[in-house]
Amino acid sequence: MNRQIKLTLLAVLLTMPFAGMEAAKKPAVEPLRISVQQRVPSELEKGALVITNRIEAWNPKETAIIICDMWDKHWCRDATDRVAEMAPHMNEVLTIAREKGVKIVHAPSECMDFYKDYPGRKEAQKYNDPKIAALANGGNLPSEEGAVWPVDQSDEGCENADCKPAGVWKRQIETLTVKDEDLITDSGTEAGSYFKKKGIKNVILVGVHTNMCVIGRSFGLRAMKRMGMNIVLMRDMTDLMYNHEMWPYVDHFSGLDLMVEYIETYVCPSIVSSDFTGKKQFKFKGDKRPRVAILTAESEYRANQRLPEFAHDLTLKKNIHCDYALGIPIMGEAKKDADPKVKAEYAAFGMPVDTDGKTEAPTRHNLENLQILEDADLAIFFIRRRALEPEKMQAIKTFVASGKPVIGIRTSSHAFDAKGNVPRSGGGIVAAKENASDMLAQWPEFDAEVWGGNYQGHYGHLQTGTDFSIVPGMENHPLLKGVQPFTTPNWLYRNRPLRSANAVVLMLGSNPGVPDEPVAWINNNRAIYTSLGHWDDWKQESFRNLMFNSVDYLLNLIKN
């Protein structure tokens, strides 16, 4: 071997370790943290649904966002205006997603001639898998069998009588940036074939309109579901075609809420833009409805079933928008001899159940989507013994300190008292960061400071149940309209004496041989608490009236 060859080999050998080190320095692809909301059948009550949240880690290289029919002009004037209002916020989402490596797919139907010379259009036309083509078109999914469509759109959904359907669109609205690396197609066959070839598994749908094109196009929610994609709707980056003068005769944006609820139940989960922007979710300026933030994380009283049922009625009857900050119910809070159906319910959340009927899910001490508090007019709490990251607890404290009204249900007397320190890393939520507390934050004084309560546990379970009555002299209080004495299997909380001089007690609970206990009161005229809230309580018209009255009373305080 000559000298030159030896020197060359030596140089290669010497550089190999450094080349390996350079490769090791390359940062790994940072996964997208996606907070997924869905409604699934309850194992505890036939025909009932529970609202769920789970966190998924998505590889951005395996993820795409499809933008449905964000046209430059729509035949309906109001629809055109709402697209223009939403577009800047959507473009921010797309920009962030693109920078993270997500594939952006522009899908303005019937506008492909405009884009015929764009690189993204030419690229999309290369893909035509016959197997995908067979799945791109079709009607309802099997999961929708027997489902009731939530709005009447038979009039095409425009609220302006002078607008007539016509194909007036020429291109996608210019506000949405189109890059050379983006894909452009209005064909589910092309999009799905491209996804299959490139290994894209996760698909997010944004755009309009949720009750028409978003769900039904060949690249829409149903088609992507049939293709086996992990499909979600970005629920704050969409709109619907609905005229409030048609059934169910609700505000336009309440119609959108009902449509999202339908999709979460029968088609696919939903997410919000906050997962990408880190900001509060988008809201149309024309949406003037009161907004209620529902914070729930408990496992004993089926709050994840009863509160969405209550929220559905608030939407239908009062045109109130409800958002959820959800924790995951924890089997470890239930008894060791838990009913098999209860175990099945928790298994449906992806949580293991050990031989004792318990689980310690890593996400116990968490609430997702607390950004909803930034726009909320009222917050409803149904939480049991959770510790939170300090910044999340601060968001709750900031809301309470703002003076906005709050409602507490049952276990919310001990909502943020975890009965012991909870390490950040031990909770499995996030490793302790530099200069950050090692422990999650708690608020054991929440009961006294907000509700004026004095929770000391509860009395035993009685076969006869607990009797609930109205405090003499309070019969005509506005919170008690339509409320009569009743009895439920609920067990009685110990709360006397209350710790606020400003608390006005409205209802009492009675068990044989023990003093009557306060079970519903208003504190400082802005915080309503009730130790009622057992799943059977919601079957009582009087309890439901108490809850509706509480929402009305507190929201009217804001108006006045």
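## A pair of cysteines

The sulfur of cysteine 163 has its closest cysteine sulfur in cysteine 158, 4.1 Å away, which is too far for a bond. A disulfide is taken here as a pair of cysteine sulfur atoms within 2.5 Å, and by this rule the count comes to zero disulfides. Cysteine 163 is also buried, with a relative accessible area of 11%, where buried means under 20% relative accessible area, exposed means over 50% and partly exposed lies in between, computed with a 1.4 Å probe and the protein chains only.

Before moving on, please note that this is a predicted model, in which local features need pLDDT of at least 70 and side-chain atom pairs count only at pLDDT 80 or more, while totals for chains, interfaces and linings use all residues. Residues are numbered from 1 along each chain as its sequence is written, and side-chain values use heavy atoms, with hydrogens and water left out.

## The whole chain

Colour the protein chain by secondary structure, and 15 helices and 17 strands can be traced; helices (H or I, at least four residues) and strands (E, at least two) are DSSP runs, numbered from the N terminus. Of the 560 residues in the protein chain, 55% are buried. With contact meaning heavy atoms within 4.5 Å, residues 24 or more positions apart account for 78% of the contacts with a separation of 6 or more.

## The largest cavity

Rolling a probe the size of a water molecule over the atoms shows where empty space is left. A cavity is a set of points, on a 1 Å grid over the protein atoms alone, where a 1.4 Å probe fits but cannot get out, and its lining residues have an atom within 4 Å of a point. Grid points are joined across faces, edges and corners, and a volume is the space filled by probe spheres set on the points. By this rule there are three cavities of 30 Å³ or more, and the largest has a volume of about 390 Å³.

Which residues lie nearest the centre of the largest cavity? Select Arg235, Asp257, His321, Cys322 and Asp323, which hold that place among the 27 residues of the lining. Two or more lining residues come from each of β1 (32–41), β7 (230–238), α8 (252–266), α10 (303–318) and β10 (321–326), and α8 gives the largest share, with seven residues. The lining divides into 10 nonpolar residues (Ala, Val, Leu, Ile, Met, Phe, Trp, Tyr, Cys and Pro), 11 charged (Asp, Glu, Lys and Arg) and six polar (the others, Gly among them). Cysteine 322 is buried, at a relative accessible area of 10%.

## Backbone geometry around the loops

Most residues other than glycine have a negative phi, and most peptide bonds are trans. Select arginine 302, in the loop between β9 (291–297) and α10, where phi is near 55°, a positive value in a residue other than glycine; at 17% relative accessibility, arginine 302 counts as buried. Asparagine 319, in the loop between α10 and β10, likewise has a positive phi, near 50°, but is partly exposed, with a relative accessible area of 25%.

Next, show the peptide bond from valine 208 to histidine 209, which is cis with omega near -5°; histidine 209 sits in the loop between β6 (202–207) and α6 (210–216). A cis peptide bond also joins arginine 496 and proline 497, with omega about -5°, and proline 497 belongs to the loop between β14 (486–488) and β15 (503–510).

Is aspartate 447 buried or exposed? Select this residue in helix α14 (residues 446–451): at 3% relative accessibility, aspartate 447 counts as buried. Leaving aside neighbours within four places in sequence, aspartate 447 has contacts that include Ser413, Tyr455 and Arg499.

The last stop is phenylalanine 399, in helix α12 (residues 390–401), which is buried with a relative accessible area of 5%. Its contacts beyond four places in sequence include Leu373, Ala376 and Val406, and the C-alpha atoms of phenylalanine 399 and alanine 376, 23 residues apart along the chain, are separated by 8.8 Å.

Technical notes
1 Å grid on protein atoms, 1.4 Å probe; cavity = no way out; pocket = protein on both sides within 12 Å on 5 of 7 lines; lining within 4 Å.
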